[in-house]
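Subject: Handover of a structure

Dear colleague,

Please find below the sequence and the structure that I am handing over to you. My notes on what was found follow directly after.

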Amino acid sequence: MTQDNHGKAHKFGMVIDLDKCTGCGSCMVACMSENNVPFKEDETNKKDSLTWMTVFKLSNEKNFPETDICYMPRPCMHCGGKGDHGHSPCVSVCPATATDYGYDTGIVSQIYTRCFGCRYCMGACPYHARYFNWWDPKWPDGMEEYLSPDVSPRMRGVVEKCSFCYHRYQEARDRAYYEERRDTIEEGEYQTACTQACPAGAITFGDLHNPEHEVYKLVKPDPHQCGKPRNPKAFRLLERLQTNPKVYYISEREWVRKAGDNYRKGEWGQQKKSDGDKGHK
Amino acid sequence: MKIDRRSFLGLGLGAAAGVAASPVTWKLTDDSSIWTQNWPWTPVPHDGEVSFDDTVCTLCPGNCGISIRKIDGRAVKIEGKKGYPVNDGGVCLHGLSGLQYLYDPARVHFPMVKNGDTWKQISWDEATTLVAGKIKELRDKGMPDSIACVYGNDKGSIAGLYKRFLMAVGSQNFYTVDSMEKSWEALISRMHGLKASAAFDLANADYLLSFGAGFIEGWGSPVNNFLANSSRKERQAKLVQVEYRLSNTAANADMWVPAKPGTEADLALGICSAMISEKLHDADFVQKSGKAFDNFAKFVSEKYAPESVSRTTGIDVSTIKDIAVQFAKAKTPVAIAGRGRGDSAGSLMEFAAVHALNCLKGNFNKAGGFWTLENQDTLTWPSLEMDDVATKGYAKPPVGLTSVISTASLPKLFETINASEKSPVELMMVYNSNPCFTLHNAKAVKDAVNKIPFVVSFSSCMDDTAQLADVILPSHMFLEMSQDIHSGAGIAKRITALSKAVIAPVFDTKNPGDIIISVAKAVDGSVAASFPWENYDECLESVNGDQWSTLSEEGYIDSELTVPATPLVADFSIFEGFRGFPSIEGDEKSYPLTLVSVDTIRLASGSFASSPFAVKTVEDTVLIQKDSVIEINPETADKVGVSQGDYALVTTPLGEAKVRVNLFHGIMPGVIAMPEGLGHSFGTSSQVVTKGGAGLLSKNGATSIITATGGVSAASGTFENRYIGGKGVNVNELIGPITDPASGLDVAWGIRARISRA
Amino acid sequence: MSELEKKTENGSVGAAEDGASGEQKAGGDSGVGMGVLFFIAAFAVCFLSGWLLFPSLLYSKKEQPFNFNHALHVAETGGCDSCHFFREDGSFAGIPKNSSCVECHESQLGETEDEAIFMTEYVEKGVEVPWLIYSEQPDCVFFSHAAHVVGAKMDCVSCHGHIGESETLKPYQENRITGYSRDIWGENIWGIKKNSWDRMKMDDCAECHQEETGSKGACFQCHK
């Protein structure tokens, strides 16, 4: 046996261009069909609807015809936690170690067989990215035939969430090992299902540690500020909670960027100024 | 020695210690925890070798290339095909849900005949004989012209076979569904004298001026448009959306121009007027149009000056002039017409008004421009035999002939049937369309269909029309069958593709091509002689002739676009004697509001119903439990006295519906919007009597994760698709058709309405 | 001495008396004795059944569809990977399908009854052999053969033992509660292992990972 020395740690992340997103919902369905997400007869109660990837609709709340809307796809943010040390809000509270932080990938896992359904993680997640299986999954006669073996179907009583299609990373690594490339995986070899399906090309996925990758070029994460974007048009949701998400959003529209966090009166102006200063450095 | 309490204590302690010192406890704890993690009813999908099978999605006219991911031959996922000229890897949510249609609970498992209120299973032979018998009967009576066929579109060899069948029996009654494509074709024929379809090179145009076209709501070829739209940012191309409501297209546009509903074309003429008066148009191009152009210039400057158009549309004069300047200065601008998804036709004059902008720029048949793609039939058919009956029948005009563009129109057909005492159509065949759901005044369409003595459906799923049929000969769903695909839907490409059978049929269904061939053979005589092929596969290969080898090997042919030999000239005389655009039904006094049907990409509203996945993505501002939600401006809601989430009654001249209210600032005051694609009537059950034995065909046992069931259980044969069926209101039951005086097509897009608390 | 004798006598008398009284006492306290006896008996029964009876109750024995001679095939084909190969995408094919077998077994090659069964019941009928897999892991496990065999250059034997030298297939013992093979927990009912291939539980993976890579690894490394 020889020791497999893993190379430099990855930090997989996603950048979503909100100006390109059309709200078509392809990412949601790509995710559901990739990850064996079940469905129920009635899915209009969005609180119990399992959607690892959800497209939210934001509005600037202005009157006609000044109204503007923006669609915001929200996968799991795969938070690095305060200081980006892997203390994600959900990981910190799980009493069963059913969710952990992969230091080699930056991906927050969810192990369904380990989860016993206390839902602490759901309470801890500020992005509502985690979902609870209130019912056993049920498919119409015969439809189970299309389930993918890459992702375990879940049972009632466990929490599930976006995994950044980790099984695709596992498959890409299998190939890399087989071709004796060890841990070197090309950017295109590991892409999430939503990224691949997005007909608008609004989603970009890759390694935020790799300056060659598109995600890095788009947001220019600041290593001294836990990956805070240096692109002034880019932002992360609830940045000031210091959860350090790995999902970045880009928009030219100021109201959209402002909607990314809760600001008190006057705070946004200051925020903009300090961001602007950084932009100049 | 006496056995007492202590003995039992000893026994208990001994047993406990014995068990503790044995592995039982530890092992059972471990095993039971594993047991709780693997409930037998949680499916364990079988693993195996991954392979990909490419085909073309035929759910909508967009025809994207797709890759079916398979595990040991079992299809598990649909992905977009990278490099395919339409979609280059992108794929819409309906295409992604394709596998759900395979096992759709509403699928028809075998041929069935209606027996009172129940369906009875029959064999394929019985079904074919029954249909052929009826056709023979009508032909014997000398009434072949009372046979009709409704088909989704007229592209490809399967459509060709159905058309051919009608000709061979002796009927002109072949109907396709109206769409913006038809309106464009009518317009091109009128303005350019060409038999061609319209195409827009959106991926290269630098200024897109859309008059209500739901460019990213699913208009035309959806994924192709998504790609074109998102590349705008890099290309510095502008999108201007004229729409009374902040649709997704409007929200994504660089500029949203909220003209009042029904005045979009007025705005187009206003922009024309501004362009002409500022001499911003391409003088060389319009010069070829001669005097007709001068008349047009005079007409718009008198009647459609920006000032007066501003009053009609509610758009500032400066905005109109700005758009005129921007459109004129753009290198490759295109103006697009066709409301929403373009699933219904539009007024010919409205299209003409929009197209006048294209004509003013003359940006035709080049990169980034408006293309006229001449209709080329690439299929070669053997000669057709028509006996006396057929010749006589075929000489008669189709039922529901429209005066102007001289083709039969589907809405007109049903109107004629309803107006006659006895239906002029004795036998109707329906494939790939669901007129009882998609046509305006859907209730009247249902009445008409009920009046037709014998209705044959070839639908693979139970739908609103198949429900009313007398016999169903179920087709394969698209992944189970081969067919040739010919691009359209406004895409500036000419692609011929082969959609392959990538999955073995799940139920006892057939390729619709094979069905019609076997019916023709059963009709006998000259009809049978016109269908010389053994089966559809043979027909597909032979009619595709030379291109077959490329098609079967490469999967598709992306032909170069050809520029028409003679340069395009625009005939502006279409505007002579123009009296104004058709208005919507209902008087303003009793119906102070305008009800419009709106498309959302997440709900399918055409020939197929939305999949469970698609319905799951629908927002709770569109559907709440089983209630449709209407969109209304808070200001209008205040006046009516309804607030967020309230139940309300929408009343139109056609009827009323109970809905719920969603307040949305982005919709113009006075307008209420209702989503298309809801209100299917097949959710409620209807009984099936099975012969037993048929149903889910046994699958390749080893790779199957479910065991093949012998017969269809009562539950699976009831067509209860509760995921979409019975949810919401069909907006087409509230909106009636409006016949366009210029084209005869149904051009309704809304109706006047009122709303009250319910 | 008489005194002594007396004392002894007395003592003995006393002892006798004591003994008598002791006997009496014992007769009166006989519950303790029976209790101990019952304890021992119950302990013995439970202990022994826990060790001997329990395993045979816990596992049901299933025979493989027919016997397979690994040793013979290894000798003929040269190694494990001739049949248990990697696919081009790096995934592991596991138990070969009929299509791989018929590359050699186009027609019957030997004279064994087992091969005859294979040919007539499976190849001719086009049915895959429903082998019972000793090393089948639960659905939530993702095991990368490529990482271990190609990446870490491990031997098949490290996890699968000397199955390649076996001439007969042992009966498959299925855990009645979990539905998994006995080989996952190990032959030893206490879970004690002597060889690296004796057990294949998560702790065993973690133990080796800790030793070889310095970390047990993140959950997703081996779960899906």
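**A sheet in chain B**

Three strands of chain B form an open sheet in the order β17-β18-β19, and their pairing is antiparallel. The edges are taken by β17 (483-486) and β19 (556-559) of chain B; each has a single partner strand, so one side of each is left without a neighbour in the sheet. On average, neighbouring strands of this sheet are turned by 10° against each other, direction ignored. Please keep in mind throughout that this is a predicted model.

What links the strands of such a sheet? Strands pair through backbone hydrogen bonds, and the pairing is either parallel or antiparallel. Here, β17(B) is joined by 4 bridges to the antiparallel strand β18 (residues 494-499) of chain B. The loop between β17 and β18 of chain B contains B:Ala489. Although B:Ala489 is not a glycine, it has a positive phi of about 55°.

**Further strands of chain B**

Another open sheet has 3 strands in the order β1-β2-β3 (chain B), again with antiparallel pairing. Its edge strands are β1 (50-56) and β3 (74-80) of chain B, each of which pairs on one side only. From one strand to the next, the twist averages 30°. Between β1(B) and strand β2 (residues 65-71) of chain B, which run antiparallel, there are 7 bridges. One example is B:Val50, which has B:Ile71 as its bridge partner in β2(B).

With strand β22 (residues 627-632) of chain B, β24(B) pairs in the parallel sense over 4 bridges. In that pairing, B:Glu631 has B:Asn662 in β24(B) as its bridge partner. With strand β23 (residues 647-652) of chain B, β24(B) pairs in the antiparallel sense over 6 bridges. β23(B) and β24(B) form a hairpin, with 2 residues between them.

**Two helices of chain B**

Helix α11 (residues 264-277) and helix α16 (residues 348-361) of chain B pack at an angle of about 25°, and their axes are 8 Å apart. Angles under 35 degrees count as roughly parallel, and α11(B) and α16(B) are therefore roughly parallel to each other. Their crossing is left-handed. Which residues meet here? From α11(B) come B:Ala265, B:Ala268, B:Leu269, B:Ile271, B:Cys272 and B:Met275; they meet B:Met349, B:Glu350, B:Ala353, B:Val354, B:Ala356, B:Leu357 and B:Leu360 in α16(B). By class, this contact has 12 nonpolar, no polar and 1 charged residues.

**How the chains meet**

How many residues does each chain bring to the contact of chain B with chain A? Chain B gives 67 residues and chain A gives 51 residues. On the side of chain B that touches chain A, at least two residues each are supplied by several elements, including β3, α8 (222-230) and α25 (612-617) of chain B. The residues of this side divide into 37 nonpolar, 20 polar and 10 charged.

Chain A also meets chain C: 27 residues of chain A are in contact with 22 residues of chain C. The side of chain A that touches chain C has 9 nonpolar, 8 polar and 10 charged residues.

**A cis peptide bond in chain A**

A:Phe64 and A:Pro65 are joined by a cis peptide bond, with omega about 0°. A:Pro65 is placed in the loop between β2 (54-59) and β3 (69-74) of chain A.

**Confidence of the prediction**

For the complex, the predictor gives an ipTM of 0.93 and a pTM of 0.90. Chain A has a mean pLDDT of 91, and 94% of its residues reach 70 or more. In chain A, pLDDT stays under 50 over residues 1-6, for which the model has 14 contacts beyond four places in sequence. It also stays under 50 over residues 277-281 of chain A, with 2 such contacts. Chain C has a mean pLDDT of 85, and 86% of its residues reach 70 or more. Over residues 1-28 of chain C, pLDDT stays under 50 and the model has 0 contacts beyond four places in sequence.

Yours sincerely

Methods
Residues are numbered from 1 along each chain as its sequence is written. Chains are lettered from A and ligands numbered from 1 in the order in which they are written. This is a predicted model: local features need pLDDT of at least 70, side-chain atom pairs count only at pLDDT 80 or more; totals for chains, interfaces and linings use all residues. Axes are lines fitted to C-alpha atoms, for helices over the stretch in contact, and angles run from 0 to 180 degrees between N-to-C directions. Angles under 35 degrees count as roughly parallel, over 145 as roughly antiparallel, 65 to 115 as roughly perpendicular and the rest as oblique. A crossing is left-handed if the near helix is turned anticlockwise from the far one by less than a right angle, and right-handed if clockwise. Two residues are in contact if their C-beta atoms, placed from the backbone, lie within 7 Å. Ala, Val, Leu, Ile, Met, Phe, Trp, Tyr, Cys and Pro count as nonpolar, Asp, Glu, Lys and Arg as charged, and the others, Gly among them, as polar. Two strands pair if DSSP finds at least two bridges between them. pLDDT is the predictor's confidence in each residue, from 0 to 100.
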